[in-house]
Amino acid sequence: MHQRVLIPNRGVIARRIVRACRKLGIQSVVCHSDLDAQTPAVEECDQAVRLPGYQAKDTYLNSHLVLETAKKCRADAIHPGYGFLAESSSFAEDVETAGISFIGPSSDWIKRMSVKTEARSSMSKLGIPVHEGSGLLQNEDCIRDFVGQVGLPIVLKPAAGGGGIGMFVVHEEDEIAIKFQQAQPLAKSGFADDSLYAEKYLSKPRHIEFQVVADGSDCSILGVRECSIQRRHQKLIEETPVPGDLDKQLADIEPQLTSAIRDYDSIGTVECLYDDGKLGFLEMNTRLQVEHGVTEEAHNVDLVALQVQISAGESLDSLDLGSEKPQQYAVEARLYAEDSERMLPSSGKLNVFRPVPFEGVRIEAGYRAGNYITPYYDPLLAKIIGTGSSREQAIARTAIALKAFEVEGVSTNSELLQNILGSEAFILGRIHTGLLEELHTRSSR
Amino acid sequence: MASVNVESEVTGKVWKIEASIGDNVDEGDVLMILESMKMEIPVESPVSGTVTELRVRKDDSVDEDQVIVVIEQ
């Protein structure tokens, strides 16, 4: 087992990894930028190391500095968390070469899944259903050809992208040229690669994802999450088990998935879109997911600890994989520092930051009162996970905990989250990725 | 001719400048894209007119309410 794990990350997830390390009897070393020196993760870890500066590229994304720091403090493993370096295959490769364990899959797997067109075509060849999509688009004519095959609307996506960033929906034929010209430079500046591909745009699909746990020879699925409540292609609310009657479709695709990725060697997530009765592969995230907590609560499992143990060479049959079937319902709401009315991020000092503990509610907070929310990092303040013996109970507990959670100094999306959780469509499980927009349009009328 | 100051709605960084000085823009055209907390925030022209000043450059930091573009109507 590892002795000392370096954590080049911040906020909610750095704190979560520190907790897993402590449980396994491993020392944790948290790297922090100059802006994060006073945060809970830094205070709770065994050792804190400063990364001078505040911009992500100088600190949490500075792969050279992070690796040197790991060597200097004699860490034998690095847990990248999510975001920042978590899906950088070149970083993972450098870490492997340095003889340090990268807590995640091997760099080959990260590389294989990072180019979305290749991931789609390799999955398709293995028999996994994939929604209609194009290859790499060289020019506008390629887009016209694709539209000729599948019709409008379509969505243009950066081939090297992810996380819903840099996507453009094309509704009309005469928008093709302008959207192509807009999308290319954004792909280039966001992902250092201007290649694009297109998919048939599904306006009301559901986002369904499979939690994968694998050790290189054995691969299993540990539950399925419903993550359709999104704004600007970013998730807001996630839950497990999946509401509605999808059991047959899920059961059909599961063995195909585990067979297609049977030599995967860490935890990961296969994201699918569900539309018109069909599930189709979207992408695979080769890392810990923000919403891992709902799976942990429903299946009585510690996914972060599992990830650490697998990276230390332990095999699935010697590990505690929790219960295969969900034992309860779990619903997670992401509390963001943002002005939901104007859809803008909000920065400032957290004059009040007071999560309230409740029975059946797990709260993961990245800050304490007095911390600053700055424009340099993502706006996630906390995750609120309500659990229960029924879906209704889990929803109600999440809503109550949100209402009681006091934040002053920045705007938050708490009210928006409470409105969604209290909406008829959500409670009835009539969920799709366009739901938030529908609720918004209705309330502003 | 009236000049209209376009202000940043957030504290953040200039990610990409779409407009050039001298461009004729319509109301709603994207002038530049700011980045804050990993989100892309488009700055749209509030009026139709000509871009006469770009007060920031790519990668500059901007404050909330800071004037970043001037448009002559």
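At what angle do helix α1 (residues 11–24) and helix α11 (residues 303–311) of chain A pack, and how far apart are their axes? The angle is about 65° and the axes are 9 Å apart. This is a predicted model, in which local features need pLDDT of at least 70, side-chain atom pairs count only at pLDDT 80 or more, and totals for chains, interfaces and linings use all residues. Residues are numbered from 1 along each chain as its sequence is written, while chains are lettered from A and ligands numbered from 1 in the order in which they are written.

**Chain A overall**

- Chain A has 15 helices and 22 strands; helices (H or I, at least four residues) and strands (E, at least two) are DSSP runs, numbered from the N terminus.
- The radius of gyration of chain A is 21 Å, close to the 22 Å given by the globule rule for 445 residues, so chain A is as compact as a globular protein of that length. The radius is taken over C-alpha atoms, and the rule is 2.2 Å times the number of residues to the power 0.38.
- Taken along the principal axes, the C-alpha atoms of chain A fill a box of roughly 60 × 50 × 45 Å.
- Of the 445 residues in chain A, 50% are buried. A residue is buried if 20 or more other C-beta atoms lie within 10 Å of its own, exposed if 12 or fewer, and partly exposed in between, with C-beta atoms placed from the backbone.
- Among contacts in chain A between residues at least 6 apart in sequence, 65% join residues at least 24 apart. Two residues are in contact if their C-beta atoms, placed from the backbone, lie within 7 Å.

**Helix pairs in chain A**

- α1(A) passes α11(A) in a right-handed crossing. A crossing is left-handed if the near helix is turned anticlockwise from the far one by less than a right angle, and right-handed if clockwise.
- On the α1(A) side the contact is made by A:Arg16, A:Ile17, A:Ala20, A:Lys23 and A:Leu24, and on the α11(A) side by A:Val304, A:Ala305 and A:Val308.
- By class, this contact of α1(A) with α11(A) has 6 nonpolar, no polar and 2 charged residues. Ala, Val, Leu, Ile, Met, Phe, Trp, Tyr, Cys and Pro count as nonpolar, Asp, Glu, Lys and Arg as charged, and the others, Gly among them, as polar.
- Helix α7 (residues 140–150) and helix α8 (residues 176–191) of chain A pack at about 125°, with axes 10 Å apart. Axes are lines fitted to C-alpha atoms, for helices over the stretch in contact, and angles run from 0 to 180 degrees between N-to-C directions.
- That angle makes α7(A) oblique to α8(A). Angles under 35 degrees count as roughly parallel, over 145 as roughly antiparallel, 65 to 115 as roughly perpendicular and the rest as oblique.
- The crossing of α7(A) and α8(A) is right-handed. A:Glu140, A:Ile143 and A:Arg144 in α7(A) meet A:Ile176, A:Ala177 and A:Phe180 in α8(A), a set with 4 nonpolar, no polar and 2 charged residues.
- The axes of helix α12 (residues 391–404) and helix α13 (residues 414–421) of chain A come within 10 Å and cross at roughly 160°, which makes α12(A) roughly antiparallel to α13(A).
- α12(A) passes α13(A) in a left-handed crossing. The residues that meet are A:Ile395, A:Thr398, A:Ala399, A:Leu402 and A:Lys403 in α12(A) and A:Ser414, A:Leu417, A:Gln418 and A:Leu421 in α13(A).

**Two loop residues in chain A**

- A:Tyr54 lies in the loop between β3 (47–50) and α3 (63–72). A:Tyr54 counts as partly exposed because 15 C-beta neighbours lie inside 10 Å.
- Not counting residues up to four places away in sequence, A:Tyr54 touches A:Ser33, A:Asp34, A:Leu35, A:Thr59 and A:Tyr376.
- A:Leu428 sits in the loop between α14 (424–427) and α15 (435–443). With 10 other C-beta atoms within 10 Å, A:Leu428 is exposed.

- Chain B has 0 helices and 8 strands. Its radius of gyration is 11 Å, close to the 11 Å that the globule rule gives for 73 residues, so chain B is as compact as a globular protein of that length.
- Along its principal axes, the C-alpha trace of chain B spans about 35 × 15 × 15 Å, and 29% of the 73 residues count as buried.
- 12 residues of chain B are in contact with 10 residues of chain A. The elements that give two or more residues to this side of chain B are β2 (12–17) and β5 (39–44).
- The largest share, 4 residues, comes from β2(B). By class, the side of chain B that touches chain A has 5 nonpolar, 3 polar and 4 charged residues.
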